[in-house]
Amino acid sequence: MIVIGVVALLLLNCSMPAFVKFFVLACVSFIISNLLVFAYRKTLRKIFPMKVLTLAIPFAALLLTLAIYTAQANSIINALVNGKSSNNIHSSQGRASHGCY
């Protein structure tokens, strides 16, 4: 669930159709989840006990989620301070020319 949430947040402002985002979300989440399990079984199991990782991974995911949320909130606040209305923060022209941001 944490992997899906982080990937979904990264895809939130991409200018792709919803069905493409869903497909990308499913594939990337599957790959990252399997890579995490593989890395744990091959290397981290010897170094870190499961109790430490049970606390560390959700904490790291929370920090990453808060960092992404803060960056998005700051961009909205800056747009509002600079005089743009909330409806024009992400114009269709800007999204088409820049892709994901």
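Biologist: Which residues does S29 touch, not counting residues up to four places away in sequence?

Modeller: S29 touches V3, I4 and V7 once those neighbours in sequence are set aside, where a contact means heavy atoms within 4.5 Å. This is a predicted model, in which local features need pLDDT of at least 70 and side-chain atom pairs count only at pLDDT 80 or more, while totals for chains, interfaces and linings use all residues. Residues are numbered from 1 along each chain as its sequence is written, and side-chain values use heavy atoms, with hydrogens and water left out.

Biologist: Is S29 buried or exposed?

Modeller: The general idea is that buried means under 20% relative accessible area and exposed over 50%, with partly exposed in between, using a 1.4 Å probe and protein chains only. S29 has a relative accessible area of 7% and is therefore buried, and of the 101 residues of the protein chain, 16% count as buried.

Biologist: Where is S29 placed, and how many helices and strands are there in the protein chain?

Modeller: Helices (H or I, at least four residues) and strands (E, at least two) are DSSP runs, numbered from the N terminus. The place of S29 is in helix α2, and the protein chain has four helices and zero strands.

Biologist: How should I read the contacts in the protein chain between residues at least 6 apart in sequence, and what share of them join residues at least 24 apart?

Modeller: Among those contacts, 56% join residues at least 24 apart.
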